[in-house]
Amino acid sequence: MSAPLCGALQDNVVATLPDQKIEFRDRREMLEANLARQIESIRAADIKIALLVPTTTAMLGVLAALLRARPLASDQLFWVCLSALPLLLAFAMMAAGVIPRLRGNPERSLLFFGDLSTHDPKSAQTALLALTPQSYLADLAAQCHSTASIAGAKHQNVRRAYIAFLLALPFWLVAVYLLGRTG
C-alpha cells in the first residue's frame with residue numbers, strides 16, 4: 001500500500017520543481033478553477049449578507065413600532081440610539097458588500113462581462129476569435145486577481161456588518177425591553 005502513496009508523492013514533487021514546464025491546458029485549468037473558487041467566495045459573501053438583511057430590518061422595524069406606542073423617556077432614547085446606530089452601520093456595510101465593482105481591467109478584458117459588453121457584437125466576435133492561448137491566460141490571470149480583490153472586499157464588509165449587528169444585539173434587547181414595559 002505504501003508504494004502507490006510514495007509514487008503519488010514523488011509525482012507531486014516532480015510536478016512542483018521550478019524547471020518543470022506547465023502545459024497550456026494544465027495552466028488554463030488551474031486558472032479557471034482558481035477563478036471559479038473566487039466567484040464561489042463572492043457568492044458565499046452574498047449569501048451571508050442575504051441572511052443578515054431581513055434580521056436587521058426586522059430589528060429596526062420592532063424599534064420603530066415600539067417608538068410609536070408612546071413618548072420616550074431619556075433612558076429609552078439612549079438605548080434605542082445605542083442599538084439603532086450599529087444596526088444602521090451594519091446596513092451600510094451590507095450595502096458596500098452587495099454593490100458590485102464593475103470597473104474591470106484597464107486592458108479591456110474579454111472575459112469580464114462589463115468590458116466585453118462595451119464591444120459591439122462584431123468587434124466582440126473578432127476579438128474573441130483572435131485570442132491567443134497566451135493572451136487568454138493573461139486575461140484569465142488578471143480576472144483571478146480582480147475577482148479575488150472583490151471577494152476580499154466583500155468578505156471584509158460582511159465581517160464588519162456582522163460585528164456591528166452583534167454589537168447592536170444586546171443594546172437592542174435592552175431597548176425593546178424598556179420600550180415594551182408598561183407603566
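## Close-up views of a helical predicted model

View 1. Setting aside residues up to four places away in sequence, V158 touches A45, K48 and I49, where contact means heavy atoms within 4.5 Å. This is a predicted model, in which local features need pLDDT of at least 70 and side-chain atom pairs count only at pLDDT 80 or more, while totals for chains, interfaces and linings use all residues. Residues are numbered from 1 along each chain as its sequence is written, and side-chain values use heavy atoms, with hydrogens and water left out. With a relative accessible area of 4%, V158 is buried; buried means under 20% relative accessible area, exposed over 50% and partly exposed in between, for a 1.4 Å probe and protein chains only. V158 and K48 are separated by 110 residues in sequence, yet their C-alpha atoms are 7.1 Å apart in space.

**View 2. The protein as a whole, with six helices and zero strands.** Helices (H or I, at least four residues) and strands (E, at least two) are DSSP runs, numbered from the N terminus, and along the sequence the pattern reads α-α-α-α-α-α. Buried residues make up 28% of the 183 residues in the protein. Among contacts with a separation of 6 or more, 83% are accounted for by residues 24 or more positions apart.

**View 3. Helix α2 and its buried residues.** The 46 residues of α2 should span 68 Å at 1.5 Å a residue, which agrees with its end C-alpha atoms being 68 Å apart; the expected span is 1.5 Å times one less than the number of residues. The buried residues of α2, including L31, L35, Q38, I42 and A45, pack against α3 and α6.

**View 4. The packing of α2 with α3.** The axes of these two helices come within 10 Å and cross at roughly 150°, axes being lines fitted to C-alpha atoms, for helices over the stretch in contact, with angles running from 0 to 180 degrees between N-to-C directions. The helices α2 and α3 are therefore roughly antiparallel to each other, since angles under 35 degrees count as roughly parallel, over 145 as roughly antiparallel, 65 to 115 as roughly perpendicular and the rest as oblique. Their crossing is left-handed, meaning that the near helix is turned anticlockwise from the far one by less than a right angle, whereas clockwise would be right-handed. Among the residues that make the contact are I49, L52 and L60 of α2 and V80, L87 and F91 of α3. By class, this contact of α2 with α3 has 14 nonpolar, four polar and one charged residues, with Ala, Val, Leu, Ile, Met, Phe, Trp, Tyr, Cys and Pro counted as nonpolar, Asp, Glu, Lys and Arg as charged, and the others, Gly among them, as polar.

**View 5. Helix α3 against α6, with P86 in α3.** The axes of α3 and α6 are 7 Å apart and the helices pack at an angle of about 160°, which makes α3 roughly antiparallel to α6. The crossing of α3 and α6 is left-handed, and the residues of their contact divide into 22 nonpolar, four polar and three charged. P86 counts as buried at 9% relative accessibility. Apart from its neighbours within four places in sequence, P86 is in contact with C81, A164, L167 and A168. P86 and A168 lie 82 residues apart in sequence, with 5.4 Å from C-alpha to C-alpha.
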